[in-house]
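Work through the exercises below with the sequence and the 3D view open. Try each task before reading its solution.

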Amino acid sequence: MSFRGFVTVFIEWGILAYFLALHLTHLSLILRAFFSIRRYLDEVETDRLDSAFETSHYKPMTLICPAYNEEAGVVPSVNSLISLRYPEFQVVVVNDGSKDATLERLIEAFRLKPSHRVLRQLLPTQEVRGIYESAYVPNLVVVDKANGGKADALNCGINLARYPLVCCMDGDSLLENDSLLRIARPFMDRADLVASGGVIRPLNGCKVTAMGIRGIHLPDSWLARFQIVEYLRAFLFGRVGLASLDTMFIVSGAFGVFRKDLIVQAGGFETATIGEDFELVVRMHRCLREWKRPYHITLVPDPVCWTEVPEDTKVLGRQRNRWQRGLLETLWKHRRMWFNPKYGRVGLFSMPYFIFFEALAPVVEVLGYVVFVWSLWTHSINSAFAILFIYVALLLGVLNSVVSVVLQEISGHRYQGLKAWSLLLFTAVVENFGYRQMTVWWRLKGTVDWLRGKEGWGQMKRKGIGPQPPATPPPA
């Protein structure tokens, strides 16, 4: 065999081995997550949430909701927050220099008045222009500040947080009524817990009223349906699997609870990064390992946060581009942790997993397609490789998606009826033929943009998550 032939065979079979390892790792995490979820549901059935929080051991919580140009849905979002079930909590909405009527909508809906509340500068932020409170919603505080980005807005909310736990979320998110009870429950069970994440699901297609979600339905948009399957695979099973190994790296910025004191000790959210949620969790892992302090980070599989997802390919492409750049930026910033036994499983498993199976995945997948097409064109491919490549690249991807949908139906579903379940299962199959390749291309472009030093979020247009009638104060 010539040297050129040897290189071709090495690349072909190396790519095949990578794809096989990638999909088998994902499948093993999904199966591990399934058994973890079943154990969790058995525990929840024998431990009533209400009785658990009747004790004095629960920790009060501050919800921080950054809002930038969220006039389309900020009022129903805040209405849903202040009506959540939790013994003691505070809602801090941070208007991050919105250019639309976000602040005006909040002032009108909740009859806000200027407050003389003292702001402690635990973390540096952009200038705070005003603090507002409501006479009839005593646990609501609204902050108006100069624009500094989501991380800066979260830091500002932490400065105002009254309680030891802080829940960080997005301005367009809606939480299920008992989500706080469920996501905070692990803090009662483990003294060393520092962060707890929840499950994110696409809101598109759901019926939303001024007081929250009143009907869960699949959206008409295929692009949104594809993302439902994608979120199931990533949040409900992929991350639960990593959490079961005590190696979870991501607590989503759309819904995550942290200990306030540790966020402050770690330096708060990094304002110079575009993946502030991922970077903070990695930095907390790094700091706590270096401080030699025991800790645990978990993901609770049933407190659900609903958020609007893009239904336009341009907007979705910008989002995935940004996610990829944020991933690469954080991994490179904390490269000291790569394969470093000093950081335990985090350095020896989490870092390699995210480097090889997340960061490099779009590069290898596109390379595989290029090699496959080139080999067909030059007649240098052998039939065994062609069959195995297609099988691994497509059929194992279909298997992972279908297994994710089936397992979520077994472990606890939200979409009711045979029609919805069948459509979701069909979506899990067809998303591998076209949609996945689009996301790979967007992520590859994000990799190139990161290497070129591109910064910024890009414009993210939203339809809005529901009606915005003003909140009605209680009768005098």
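Buried means under 20% relative accessible area, exposed means over 50%, and partly exposed lies in between (1.4 Å probe, protein chains only). This is a predicted model: local features need pLDDT of at least 70, side-chain atom pairs count only at pLDDT 80 or more, and totals for chains, interfaces and linings use all residues. Residues are numbered from 1 along each chain as its sequence is written, and side-chain values use heavy atoms, with hydrogens and water left out.

**Exercise 1. A buried charge**

Task: find which side chain of opposite charge is nearest to arginine 325, and how far away.

Solution. 
- Start with the helix: arginine 325 lies in H10, residues 313-333. Helices (H or I, at least four residues) and strands (E, at least two) are DSSP runs, numbered from the N terminus.
- Lys and Arg count as positive, Asp and Glu as negative; His and the chain ends are not counted.
- Apply it. Arginine 325 is buried and has no salt bridge; aspartate 449 is the nearest side chain of opposite charge, at 4.9 Å.
- Look at the backbone too. The arginine 325 side chain reaches the backbone oxygen of lysine 454 at 3.5 Å.

**Exercise 2. Salt bridges of arginine 182**

Task: trace the salt bridges from arginine 182 to aspartate 178 and aspartate 302.

Solution. 
- Aspartate 178 meets arginine 182 at 3.0 Å, N to O.
- Aspartate 302 meets arginine 182 at 2.7 Å, N to O. Aspartate 302 sits in strand S12 and arginine 182 in helix H6 (residues 179-189), so this pair ties together parts 120 residues apart in sequence.
- Check burial. Arginine 182 is buried at 17%. Aspartate 178 is buried at 17%. Aspartate 302 is buried at 12%.

**Exercise 3. Arginine 117 and glutamate 133**

Task: decide whether arginine 117 is buried, partly exposed or exposed, and describe its salt bridge to glutamate 133.

Solution. 
- The closest N and O atoms of arginine 117 and glutamate 133 are 2.6 Å apart. The pair links distant parts of the chain, 16 residues apart: arginine 117 in the loop between strands S3 (112-114) and S4 (128-134), glutamate 133 in S4.
- Arginine 117 has 25% relative accessibility and counts as partly exposed. Glutamate 133 is partly exposed, at 25%.

**Exercise 4. Helix H5**

Task: state how many residues of helix H5 are buried.

Solution. 
- Eleven of the eleven residues of H5 (residues 150-160) are buried, so the helix is largely enclosed by the rest of the structure.
- Among them are Lys150, Asp152 and Asn155.

Key:
A salt bridge is a side-chain nitrogen of Lys or Arg within 4 Å of a carboxyl oxygen of Asp or Glu. A polar contact is a pair of N or O atoms within 3.5 Å; within protein, one must be able to donate a hydrogen and the other to accept it, and residues adjacent in sequence count only if both atoms are side-chain atoms.
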